[in-house]
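Here is a brief report for a first look at this structure. Look over the sequence and the model, then read on.

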Amino acid sequence: MAIASFRDDAWSEHEVVATGPLSIHPAAHVFHYASTCFEGFKAYRWDDGTTRIFRLERHVARMRQSAGALHLPVPDAGALEAMVCDIVSQNREDAPDFPGALYVRPTLIGTLENIGAAASPSTEALLFVLTSPVGDYFAGGMRPLRIVISEEMRTSGHLGIVKTGGNYASALGPTLAAQAEFGADQVLFCPGGEVQETGAANFLLIRDGEILTRALDSTFLHGVTRDSILTLAAGMGYRVREETPTVAELLEWVKDGEAALSGTAAVLSGIGTIVYRGEDIQVGDGELGPNTLKLRDALVDIQGGRAQDAYDWVSEV
Ligand SMILES: *Cc1c(COP(=O)(O)O)cnc(C)c1O
């Protein structure tokens with residue numbers, strides 16, 4: 001892994017060390033006050049032998065935005081990019097053949113040793129970048145997802161946009177309950193009857209020539225996959241509407257439309273069933289929709305170097 005630290009108002013140079021336990025003081029800020037954020041994205045090995053990272057700049061920018069929102073030391077964009085490229089290049093042999101990939105997980109934690117610092121930021125931090133091989137998420141075939149609608153909050157409104165561990169802690173209870181009660185894959189959080197997102201993926205309504213998804217605001221994580229799908233769709237002639245749908249609009253849409261989740265792991269995964277107030281509602285015919293598959297393929301082809309990278313999303317390591 002690659003690792004760098006921040007203290008006395010400066011970042012160290014990063015080092016590459018064997019992945020293993022870190023020595024961290026039990027009074028470290030992160031353990032008590034959740035000063036932590038992360039990123040997740042993939043590096044792919046192309047058929048021509050090169051290794052390519054998908055939308056690195058965008059992920060680095062989001063990491064910096066998350067760090068800023070948590071008042072953690074913000075890594076330099078160039079330094080973080082260099083750190084990622086260094087560790088990806090050293091671990092590139094671990095990447096399985098496409099559509100397998102090397103998953104990249106930069107993580108930033110507040111390490112100030114002071115449990116009295118509940119109401120002040122961590123002025124010391126560790127930044128590390130892990131990688132791990134991931135297989136083809138869909139190797140077992142694509143299965144339509146089962147999603148439960150909840151009108152609860154996913155997390156606090158103003159941190160919804162931040163990729164921070166606390167948001168996952170907040171979504172875990174409702175997600176486990178939905179799994180136990182309804183055999184669901186995920187919960188779609190719709191606080192106040194407005195469609196937001198699931199615990200770790202964005203939500204899109206799709207049909208012939210049209211996509212509808214929540215407009216960007218601070219309550220949810222602005223997925224790079226979401227942005228990529230919307231950009232590709234607009235280029236393919238879809239009308240892209242970023243207008244926060246209500247649950248009522250969603251229920252109307254899925255009578256004959258499609259619904260999907262987007263994220264780095266899932267790419268674009270079709271939803272077959274929505275559980276609303278304890279009742280199963282079939283999305284379209286309950287199978288994966290043609291528009292979902294077409295958009296997913298368009299994205300995967302760029303990630304794998306099988307289609308032209310018209311938006312300059314893939315960078316060579
Ligand atoms: C990471 C994440 C996503 C997906 O973002 P991508 O950039 O598309 O991988 C969506 N929602 C939440 C809450 C996330 O943490």
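Helices (H or I, at least four residues) and strands (E, at least two) are DSSP runs, numbered from the N terminus. Threonine 164 is found in the loop between strand S9 (145-150) and helix H4 (165-182). The model is predicted, so local features need pLDDT of at least 70 and side-chain atom pairs count only at pLDDT 80 or more, while totals for chains, interfaces and linings use all residues. Residues are numbered from 1 along each chain as its sequence is written, and side-chain values use heavy atoms, with hydrogens and water left out.

**Threonine 164**

Is threonine 164 buried or exposed? Threonine 164 is buried, because its relative accessible area is 3%. Buried means under 20% relative accessible area, exposed over 50%, and partly exposed in between (1.4 Å probe, protein chains only). The side chain of threonine 164 reaches the backbone oxygen of threonine 36 at 2.5 Å. Apart from neighbours within four places in sequence, threonine 164 is in contact (heavy atoms within 4.5 Å) with Ala34, Thr36, Cys37, Phe38 and Leu70.

**Two helices**

The expected span of a helix is 1.5 Å times one less than its number of residues. H2 (56-69) has 14 residues and should span 20 Å; its end C-alpha atoms are 20 Å apart, which agrees. The buried residues of H2 are Leu56, His59, Val60, Arg62, Met63, Ser66 and Ala67. They fall within an arc of 160° seen down the axis, so they line one face of the helix. The arc is that of the directions from the helix axis to the C-beta atoms.

Leu80, Met83, Val84, Ile87 and Val88 are buried in H3. Their arc around the axis is only 125°, which puts them on the same side of H3.

**Nonpolar cores**

A nonpolar core is a set of buried Ala, Val, Leu, Ile, Met, Phe, Trp, Tyr and Cys residues joined through side-chain atoms within 4.5 Å. The largest has 27 residues. Among those with the most contacts inside it are Ile53, Leu80 and Val129. Its largest share, five residues, comes from H3. A second, separate core of 23 residues includes Leu204, Ile206, Leu232 and Leu268.

**Around the ligand**

| Residue | Ligand atom | Distance |
|---|---|---|
| Arginine 62 | oxygen | 2.8 Å |
| Glutamate 197 | nitrogen | 2.5 Å |
| Threonine 225 | oxygen | 2.6 Å |

**Backbone exceptions**

Most residues other than glycine have a negative phi, and most peptide bonds are trans. Aspartate 8 has a positive phi near 50°. Aspartate 8 is exposed, at 70% relative accessible area. Arginine 55 has a positive phi near 55°, but arginine 55 is buried, at 10%. Histidine 71, which follows H2, has a positive phi near 55°. The peptide bond from phenylalanine 98 to proline 99 is cis, with omega near 5°. Proline 99 lies in the loop between H3 and S7.

Key. A polar contact is a pair of N or O atoms within 3.5 Å; within protein, one must be able to donate a hydrogen and the other to accept it, and residues adjacent in sequence count only if both atoms are side-chain atoms.
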